[in-house]
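Notebook open, structure loaded. I'll jot down what I look up as I go.

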Amino acid sequence: FPSHDSEPFIAQTIEGVLMQQVKFPIELIIAEDCSTDGTRAICQQYAEQYPDLIRLITSESNVGAVANERRAILAARGKYIAFCEGDDYWTDPLKLQKQVDFLELHPDYSVTFHRYKIHHLETDQWSPDDLGYLFDGKHLDGVDVNTYMFLHRWITQYLTIVYRKDAFDLSIADKYKYYRDSHLIYHLLEAGKGYIFSFVGGVYNRTGNGVYAT
């Protein structure tokens, strides 16, 4: 996951990965983009403690959010990729197993998501995501999502995504002047079906500032 100036949250983000209960090998790639706080030191401590699991990518100068994400994806050796920004975290220990199991059983799907909680840091208030309208009691496990739905209403945050690595061509990002996560999701939904699980799998920390704030 990309990380930049996330010292207050980075340990919780990493712990959310370490607690994952999976039946397959995983690697945690931390792309640390020359943070100006203590983020790198925390990441280095974890990388030294879990050398077989964590791969830390650093730089001597800030490469920017897009380039930082790109180098993390390029470093990934697995069949599937999951994201978690350095100030968000996962809360369900079976998150990765559930999403990978689904993709393994459904080759026509390219990407999966799940629901999440929103923590408003400035007020310390909590709120649900905006997906209640999709789950009316008839969809116990999840619902399909397509490009049309995505273009008409924002459906997710980065921390919920697990997708097939071969479903997204990284060169697509070069076609956009201002590449964002919305472009990734759009092209993944063009490459195959999407599925949103009903389970709440993580926390999105919403702030009043920062690159990914809304």
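**Helix α4 and its cover**

I started with helix α4, residues 95–105, where I find Lys 95, Leu 96, Gln 97, Gln 99, Val 100, Phe 102 and Leu 103 buried. A reminder to myself that this is a predicted model. Next I looked up what lies over those buried residues of α4: the cover includes β4 (80–82), β5 (89–90), β6, β9 (162–164) and β10.

**Val 162**

From that cover I picked Val 162, which is found in strand β9. Its relative accessible area is 2%, under the 20% cut-off, so I log Val 162 as buried. Which residues does Val 162 contact, leaving aside neighbours within four places in sequence? On the α4 stretch I get Lys 95, Leu 96, Gln 99, Val 100 and Leu 103 among them. The list for Val 162 also includes Tyr 80, Ile 81 and Ala 82, plus Val 111 and Thr 112. I checked one C-alpha separation too: Val 162 and Tyr 109, 53 residues apart along the chain, are 11 Å from each other.

**Val 203**

On to strand β10 (residues 193–206), where I find Val 203. Buried or exposed, at 4% relative accessibility? Val 203 counts as buried. Not counting residues up to four places away in sequence, Val 203 touches Asp 88, Tyr 89, Thr 91, Lys 117, His 119, Trp 126 and Leu 159. For His 119 I also have the C-alpha distance to Val 203, which is 6.8 Å across 84 residues of chain.

**The cores**

I then went through the nonpolar cores. The largest has 31 residues, and Phe 113, Tyr 163, Phe 168, Leu 184 and Ile 196 are the ones touching the most other members. I note that β2 (28–32), α3 (65–75), β6 (109–120), β8 (142–145) and α6 (181–191) each supply at least two residues of this core. Which element gives the most? That is α6, with four residues.

A second, separate core has 27 residues, and I see Ile 42, Phe 102, Tyr 116 and Phe 199 in it. I had already logged Phe 102 as buried in α4.

Back to Ile 196 for its contacts, again not counting residues up to four places away in sequence. Ile 196 touches Phe 113, His 114, Leu 131, Leu 134, Phe 135, Asp 141, Gly 142, Val 143, Val 145 and Ile 155.

**α1 against α2**

Helix α1 (residues 10–18) and helix α2 (residues 39–49) pack at about 25 degrees, with axes 10 Å apart. That angle is under 35 degrees, so I call α1 and α2 roughly parallel. The contact uses Ile 10, Ala 11, Ile 14, Glu 15 and Leu 18 of α1, and Thr 39, Ile 42, Cys 43 and Tyr 46 of α2. By class I get seven nonpolar, one polar and one charged residues in this contact. α1 passes α2 in a right-handed crossing.

**Two last look-ups**

Thr 147 is found in helix α5 (residues 147–152). At 11% relative accessibility, Thr 147 goes down as buried. Beyond four places in sequence, I find Thr 147 touching Tyr 186, Leu 189 and Glu 190.

Last, Asp 124, in the loop between β6 and β7 (125–128). Asp 124 is not a glycine, yet I read a positive phi of about 55 degrees. With 53% relative accessibility, Asp 124 counts as exposed.

Key
Residues numbered from 1 in each chain as written. Predicted model: local features only at pLDDT ≥ 70, side-chain atom pairs only at ≥ 80, totals over all residues. Heavy atoms only, no water. Axes fitted to C-alpha atoms, helices over the stretch in contact; angles between N-to-C directions. Parallel < 35°, antiparallel > 145°, perpendicular 65-115°, else oblique. Left-handed = near helix turned anticlockwise from the far one by under 90°. Contact = heavy atoms within 4.5 Å. Nonpolar A, V, L, I, M, F, W, Y, C, P; charged D, E, K, R; others polar. Core = buried A, V, L, I, M, F, W, Y, C linked by side-chain atoms within 4.5 Å. Buried < 20%, exposed > 50% of the residue type's maximum accessible area, 1.4 Å probe, protein only.
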